[in-house]
Amino acid sequence: MLSRSHGRVIRAVFSSHARSTSSAPTVKNFINGKFEESKATKWIDVRNPATQEIVCRVPQSTPEELARAEAGAKEAFIKWKEVPIQQRQRVFFKFQALIREHTEELAHSITTEQGKTLGDARGDVFRGLEVVETACNAATVLMGETSENLARGLDTYSYRQPLGVTAGICPFNFPAMIPMWMFSLATVCGNTMLVKPSERDPGATMILAKLLQEAGLPDGVMQVVHGAHDTVNFLCDAPAVKAISFVGGNAAGEYIFARGTANGKRVQANLGAKNHATIMPDADKEATLNALVGAAFGAAGQRCMALSTVIFVGETVKWIPELVEKAKVLKVGSGMDADTDVGPVISPEAKERIERLIQAGIDDGAQCLLDGRGTTVKGYEKGNFVGPTILHGVDKNNLAYTEEIFGPVLVTLGVDTLEDAIAFTNSSPYGNGCAIFTQSGAAARKYQHEVDVGQVGINVPIPVPLPMFSFTGSRGSIRGDVHFYGKQGPMFYTQIKTITSNWDYKPAASRVSMVMPTHDKHN
């Protein structure tokens, strides 16, 4: 049930009339504490993936609006960085309470714009909330270091200080969680942030901005601007922006990393993935198959940590027919329907690409055991639906394996040994996540030690770490070397200042020394 304040929040972040030719509401910019109409001449339709109805229209924020947001964030930083950390934390204590109060509102916005089921949308909000909760304890990870009496009267100590203006460029698949990964830690560390939500589903970010304002975040500390390529280029080039956080596909991430670093900015970019699961003969068959179905087809496969490749070791290849039967009974439908298991994919273009890659996989020699192409849902005939699909017998050159499909498509293969499974996993250029299902501690130990992937699950299909740890994808799944949230999150959003002080008490003036100081004398 939606909160009573639902209408108030929605009215704040969306206009009741459109500046464009459509009658759909337009999304506002959030600049210097005000939700304001854009003067854009270019607009992007946000469509409900289950119906194709236009939910709202997103502006390509104008150059003047972008520049004003940058200037406002730069100005707000001057005061915000001086606010004591315990006071910054209190904003997030209030913010997390407001998120809990407005979870249903956020989830409905996500399902309407992105398509995932309401249950999955609530999980999207909750996993972001967990990062907000860690921001409430940021003081402990922002503490510096000290070493006393390195020479007589000489001490060295360090502080972690904020960078200044930062930017967050967000993907469509987690409209609440990933913005909270970014702005929660960036701002509690004393920075300001320009957030660009995905132009496909901006609603959750706009609601969060309103709630953060209500929690007491000062004007200008978080700005929300909109658009596509022009806004991305602005954030990569803006002189005031010192660091950029990005989550999304490889092409965009590599572009942002190259352009941002060329302009002297820090960039952390989480990119694509091809996550492998290895199934050992001693695994619990029922639990394993259930885990595979959920991890492969949940969120219609639109997760960077979805299990998209399963390697069956030895006799476990005989389990595949049972896997197919479990996938067959999943219900495809609107995310608003309580009994839906698999919602629509984000756009007609995404659907066309997924179906094209399925055919390419078949053409490259894979056996199609379950074909979800051509799926239609009664009452939602215009929806972007692709049913669960399983392709068996792929090799390293099959296009359905080499490409990140980002849809409800699972590719499978059989190998003889655990060593073969590890070698196949390590041959992939990606390193986001992987998993092994086994009852053998020795097999699990060998796997976790030898697999070259940043996040490993043992009988856990989607090993996304809780936010006391960092999200540690590796190799081709990341650009930059400092990860999101956990201890590394504040490291990315701060810089170290080291002070060496000499307060040696001397009753008489010391004589001038022209020798390079070495600090190795005790008297």
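In which loop is Ala-299 found? In this predicted model, Ala-299 belongs to the loop between helix 10 and strand 13, and its phi is near 60 degrees, a positive value in a residue other than glycine. Most residues other than glycine have a negative phi. Ala-299 is buried, with a relative accessible area of 13%, and the two elements that its loop connects are both described below.

An open sheet is formed by 7 strands in the order 14-15-16-13-12-18-19, with mixed pairing. Its edges are strand 14 (367–370) and strand 19 (456–458), each of which has a single partner strand, so that one side of each is left without a neighbour in the sheet. Direction ignored, neighbouring strands of this sheet are turned by 20 degrees against each other on average.

Strand 13 (residues 307–313) is joined to strand 16 (residues 409–415) by 5 bridges, and the two run parallel; within this pairing, Phe-312 has Gly-414 of strand 16 as its bridge partner. Strand 13 is also joined to strand 12 by 5 bridges, again in a parallel arrangement, and here Leu-307 of strand 13 stands opposite Asn-275. Because 7 of the 7 residues of strand 13 are buried, this strand is largely enclosed by the rest of the structure.

Helix 10 (residues 285–297) lies across strand 12 (275–279), strand 13, strand 15 (389–392), strand 16 and strand 18 (434–437), running at about 155 degrees to strand 13. Helix 15 (residues 441–450) packs on the sheet through strand 12, strand 18 and strand 19, and its direction makes about 165 degrees with that of strand 18.

Leu-323, placed in helix 11 (residues 320–328), is buried, with a relative accessible area of 0%. Beyond its neighbours within four places in sequence, Leu-323 is in contact with Leu-289, Leu-292, Val-293, Phe-312, Ile-390 and Leu-410. One of these, Leu-292, is 31 residues away along the chain, and the C-alpha atoms of Leu-323 and Leu-292 are separated by 8.1 Å.

Strand 5 and strand 6 (residues 154–162) run antiparallel and are joined by 3 bridges, with Ala-151 standing opposite Leu-154 in strand 6.

## Nonpolar cores

The largest nonpolar core has 68 residues, of which Phe-92, Phe-95, Ile-99, Trp-181, Met-182 and Phe-183 touch the most other members. Helix 6 (residues 177–188) gives the most to this core, with 9 residues. Apart from this core lies another, of 61 residues, which includes Ala-295, Ala-400, Leu-410 and Ala-435.

The structure holds 3 cavities of 30 Å³ or more.

| Feature | Volume | Lining residues | Nearest the centre |
|---|---|---|---|
| Largest cavity | about 120 Å³ | 15 residues | Gly-301, Ala-306, Ser-308, Glu-404 and Phe-406 |
| Largest pocket | about 1,300 Å³ | 49 residues | Phe-172, Glu-199, Arg-200, Gly-249 and Ala-252 |

Several elements contribute to the lining of the largest pocket: strand 3 (43–47), helix 8 (229–237), strand 10 (241–247), helix 9 (250–262) and helix 12 (348–363) each supply at least two of its residues.

## A further positive phi

Gln-52 also has a positive phi, near 70 degrees, in a residue other than glycine. Gln-52 is found in the loop between strand 3 and strand 4 (54–59), and at 16% relative accessibility Gln-52 counts as buried, because the cut-off for that class is under 20%.

How values were computed
Residues numbered from 1 in each chain as written. Predicted model: local features only at pLDDT ≥ 70, side-chain atom pairs only at ≥ 80, totals over all residues. Heavy atoms only, no water. Core = buried A, V, L, I, M, F, W, Y, C linked by side-chain atoms within 4.5 Å. Buried < 20%, exposed > 50% of the residue type's maximum accessible area, 1.4 Å probe, protein only. Helix = DSSP H or I, 4+ residues; strand = E, 2+ residues; numbered from the N terminus. Pairing = 2+ DSSP bridges. Axes fitted to C-alpha atoms, helices over the stretch in contact; angles between N-to-C directions. Contact = heavy atoms within 4.5 Å. 1 Å grid on protein atoms, 1.4 Å probe; cavity = no way out; pocket = protein on both sides within 12 Å on 5 of 7 lines; lining within 4 Å. Points joined across faces, edges and corners; volume = space filled by probe spheres on them.
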